[in-house]
Amino acid sequence: MRDMNSACVDLIYLDPPFNSNRHYEAPIGSKAAGAAFKDAWTLDDVDVCEHGELADRNPAAYSVIEAARQAYGKGMQSYLIFMAVRLLEMQRILKPTGSMYLHCDPTASHYLKLLMDGIFGHNSFKNEIVWSYRRWPSRSHNFQTMHDVILFYTGIANHTFNVSYEPPSESYLKRFKGKTQVLDPETRTRKIVVDKPTKGLPMRDVWEISILAGSSKERLGYPTQKPLALLDRIIKASSDAGDMVLDPFCGCATALVAADRLGRQWAGIDLSPLAIKLVNDRIAEDRGLWGGPTALNAPPNRTDLGHLPSYRTHRHRLYGQQEGICAGCDTHFPFRVMEVDHILPRTRGGTVMGPDPSQSHWLSSLAHGGAQTIPITCNCSAQVATVARAARPWLNGRQHRQLVANTIVLK
Ligand SMILES: C[S@@+](CC[C@H](N)C(=O)[O-])C[C@H]1O[C@@H](n2cnc3c(N)ncnc32)[C@H](O)[C@@H]1O
């Protein structure tokens, strides 16, 4: 997501791990055999820089995570750090007119709601959708848990929303003989019946949709696979033909197939190395004879940063903006010892020994992304952490690890 342009997606549906403390695996012999993912969290599973990044980028999210640590423990804290850094990116790439559906369950739904309020703003919250289903009951001393939660948020501008209807109740049909009851346009208080067949009841926020039965044709054996009917409803409601739909935890491509069928553009991301094959196979099978090309496997490249300013010009500007004060040790230092150039190879005037020319873009793109947030430092001991933390939002994982490694080599 860090390599995707800002404001480029109309609809995001995400069905991430739920913090269920389980390990999922597709059964041998199923179409998804080999697919597996772990859904148990400790601080070892998250990048510590990400925690620091949150404190800078979204203090509200940071506070929510701290509260979750105290109320629930480190497992929830780790899970929420993992989610928060990704939700921040989703907010960046979502168009202001876009919508986002976060699928979760009661294990973490209330913490995720707070995170989402902190990141998107509570005014962007639209619904807590309850997806209710029936399954074989389990032995328990409490009520059977048979629902998931889907948090629906939108961007800050007018969002697409296509109203759908559910069938009217038996009693309504009997009483009004299938006709439409409306508010009287004159009095605006009385209800009248007009001679028009009823469309039904505008869809409520409790959805009764069956989970995939063991014998369902749709079932691929992918753990946690969701029904197409659920995604069909979401995509129809919050996008139009041609819009871009993203599923950043796409699994066996349920959202992507639903989007493809409805004529939307789509993109999926998944950690599993099997995902690309599963997505391609499922979409190709779904399209049948009319197949055509399906997915491009290449990761995206940001093109919305425009012309990157030259490193030399920028160096001076950064120094000036910070008035020559080191962001690490807080003391004034001369320009000649300014330490941002460990990001650049020696061949380009920096101090990195390695010949990787791609590194020369880093500072420029960091600075371009938000020059004021890039700290300049002298050669003090606080600089590794300071630069690494500030650079995190602008680099992908590989670049960031390399940056930290290069910085440490220099010390
Ligand atoms: C609940 S499943 C999604 C199921 C999907 N909605 C479907 O119907 O097939 C969660 C998915 O997230 C993926 N995943 C786990 N951690 C991830 C990460 N850090 N980045 C991307 N995908 C991840 C897993 O491989 C798994 O496919």
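Modeller: I begin with the outward side of helix H2, where Pro59, Gln70 and Ala71 are exposed. Helices are DSSP runs of H or I with at least four residues, strands are runs of E with at least two, and both are numbered from the N terminus.

Two remarks on the source are needed. The model is predicted: local features need pLDDT of at least 70 and side-chain atom pairs count only at pLDDT 80 or more, while totals for chains, interfaces and linings use all residues. Residues are numbered from 1 along each chain as its sequence is written.

H2 covers residues 59–71. Its 13 residues should span 18 Å at 1.5 Å a residue, and its end C-alpha atoms are 18 Å apart, which agrees; the expected span is 1.5 Å times one less than the number of residues. The buried residues of H2 are Ala61, Tyr62, Val64, Ile65 and Ala68. Seen down the axis of H2, these buried residues fall within an arc of 160°, so they line one face of the helix; the arc is that of the directions from the helix axis to the C-beta atoms. An α-helix has 3.6 residues a turn, so residues three or four places apart point the same way. After H2 comes Gly73, whose phi is positive, near 130°.

Two of the buried residues of H2, Ala61 and Ile65, are touched by Ala84, which also touches Leu54 and Leu115, leaving aside residues up to four places away in sequence. Contact means that the C-beta atoms of two residues, placed from the backbone, lie within 7 Å. Ala84 belongs to the largest nonpolar core, which has 70 residues; Leu80, Ala84 and Leu115 touch the most other members. Such a core is a set of buried Ala, Val, Leu, Ile, Met, Phe, Trp, Tyr and Cys residues joined through C-beta atoms within 7 Å. Helix H3 (residues 74–93) gives the largest share of this core, eleven residues.

Of its 411 residues, 33% count as buried. Among contacts between residues at least 6 apart in sequence, 64% join residues at least 24 apart.

Terms used
A residue is buried if 20 or more other C-beta atoms lie within 10 Å of its own, exposed if 12 or fewer, and partly exposed in between; C-beta atoms are placed from the backbone.
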